[in-house]
Amino acid sequence: MSVPVTTFDDALRGAGLFPLRASAVRVLQINVGRLCNLACRHCHVEAGPSRREVMSATTAALCMHVLAQTTIPVVDITGGAPELNPSFRWMVERSRALGREVTVRSNLTIMLVPSQADLPPFLADHEVEIVASLPYFTAGPTDAQRGAGVFERSIEAIRMLNALGYGEADGRLRLHFVYNPAGAYLPPAQHAIEADFRRELGRRYGIVFNALYTIANMPIGRFREFLEASGNYDRYMVRLAEAYKPSAAANVMCRTTLSVGWDGALYDCDFNQMLGLAIDRGAPTRLQEFSLERLMERRIVTGPHCYGCTAGAGSSCRGVVS
Amino acid sequence: MDGYYHQHDLPRFAEMGHHAPELWKRFSEWYGAVFAEGALTEREKALIALGVAHAVQCPYCIDAYTQVCLEKGSNLDQMTEAVHVASAIRGGASLVHGLQMRNAAAKVSM
């Protein structure tokens, strides 16, 4: 067995999608740093407590300056644990004041850190949408991926959020979970596993949530290390390529997302950011050079890892794409 | 040949169509239809397949349907129970043949 012989660009050619271009910038995804209270085994960011890459107040202000110059409707704040960035709350307040939707990608356990005791009500007050990592509805697979005791703490945090009104059907406080496979395999059908989560979390813990997003593990960062150490890398890459769907490629998130790094560099997605694959071919590469006109139809930088977003029903920061 | 079973042979399964393409085509179409969602979900069918794979002790099938079960959202508790179901039927099938032994013994016994 060997890694895919069809390059991702050739796969795009086969679907008439080459060269892949952005179609708009609907989401400004800001990665505010790699500092995190957890060090999950699948983390493509390789985030953890010892990381020192943290977005400065100056760069955070530049992000908000750029946002104010545009009508980009959604701000998606990620990390690391984005809540640990000293500018996080100011960015939330500023984005909301500009009338934009704000999503935070949370590991949930951060809400139990003593210094973050007032975080849940802050998020509720600003109607921040929470997309939270919860790879399974039992402790075993969750703790295997995210660390001992993480499941139990996550449940405690979810109960706090539910008590504030997060996760209620048709409510204004939206709480979504993210399923990641706890190993070298693709995610299940999103609708099927969402039904399992809803039934089991409700039955066992009385928990409610709005939606479950299934996200494939990308073959980069710590997950790539796991694939290589376990002898699964080649097989996983072949699996991703075999599951390639043109309909998923047509809807990949990078076509409508712009990713900002902790240091103000611009990328097509958070995965390219972690691989150091900066935007190129003439489009602006840093916040200081931001030009929506030049970025909204930019050519996307691709690589073998892109198969991770086009396998099966596709994968994005919002789950399946087709 | 250093052994009969090799993981790298599994992706070569389609070579079985090289000298019987029409039969392979019919098998592939039927196989695909069998595992498509119907009265049973794809996940339920994968669990049945995993159990049968153990009953027929096919390492290729065990490898393939372990992966499929995980990708359909089954967990190890469910997959282990599926293997127990297959094992119980295998064990029970042997045991129930004990009645043939009893019948045969009765026939020749006074």
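**Exercise 1.** Which residues does Gly33(A) touch, not counting residues up to four places away in sequence?

*Solution.* Keep in mind that this is a predicted model.
- Step 1: find the residue. Gly33(A) sits in the loop that links β1 (27-31) and α2 (57-68) of chain A.
- Step 2: list the partners. With residues up to four places away in sequence left out, Gly33(A) touches Glu53(A), Val54(A), Met55(A), Thr78(A), Gly79(A), Gly80(A) and Trp262(A).
- Step 3: check the burial. The relative accessible area of Gly33(A) is 4%, and buried means under 20%, so Gly33(A) counts as buried.

**Exercise 2.** Work out whether Glu200(A) and Val56(B) are buried or exposed.

*Solution.* Take one residue at a time.
- Step 1: Glu200(A) belongs to helix α7 of chain A. Its relative accessibility is 8%, and the cut-off for buried is under 20%, so Glu200(A) goes down as buried.
- Step 2: look at what surrounds it. Setting aside neighbours within four places in sequence, Glu200(A) is in contact with Phe137(A) and Tyr205(A).
- Step 3: Val56(B) lies in the loop between α2 (42-55) and α3 (59-71) of chain B. Its relative accessibility comes to 55%, and exposed means over 50%, so Val56(B) is exposed.
- Step 4: see what Val56(B) belongs to. Together with Leu40(B), Ile48(B) and Val52(B), Val56(B) makes up a nonpolar surface patch, and the four share about 340 Å² of accessible area.

**Exercise 3.** Describe how chain A and chain B meet, from the overall contact down to one residue pair.

- Step 1: count the residues. On the chain A side, 15 residues are in contact with eleven residues of chain B.
- Step 2: get the area. About 1000 Å² is buried between the two chains, and carbon and sulfur atoms give 43% of that.
- Step 3: tally the polar side of things. Between chain A and chain B there are three salt bridges. There are also seven residue pairs in polar contact, both at pLDDT 80 or more.
- Step 4: assign helices. α7 (190-205) and α9 (233-242) of chain A each supply at least two residues of the side that touches chain B. Of the elements involved, α7(A) gives the most, with three residues.
- Step 5: pick out a pair. The side chains of Arg239(A) and Glu71(B) form a salt bridge at 2.6 Å, N to O.

Terms used:
Residues numbered from 1 in each chain as written. Chains lettered and ligands numbered in written order. Predicted model: local features only at pLDDT ≥ 70, side-chain atom pairs only at ≥ 80, totals over all residues. Heavy atoms only, no water. Patch = residues over 30% accessible without salt bridge, like charges linked within 9 Å, V, L, I, M, F, W, Y side chains within 5 Å. Areas by Shrake-Rupley, 256 points an atom, 1.4 Å probe, with all protein chains shown as cover. Helix = DSSP H or I, 4+ residues; strand = E, 2+ residues; numbered from the N terminus. Buried < 20%, exposed > 50% of the residue type's maximum accessible area, 1.4 Å probe, protein only. Contact = heavy atoms within 4.5 Å. Buried area = accessible area lost by both parts, 1.4 Å probe. Polar contact = N/O pair within 3.5 Å; in protein donor to acceptor, adjacent residues only side chain to side chain.
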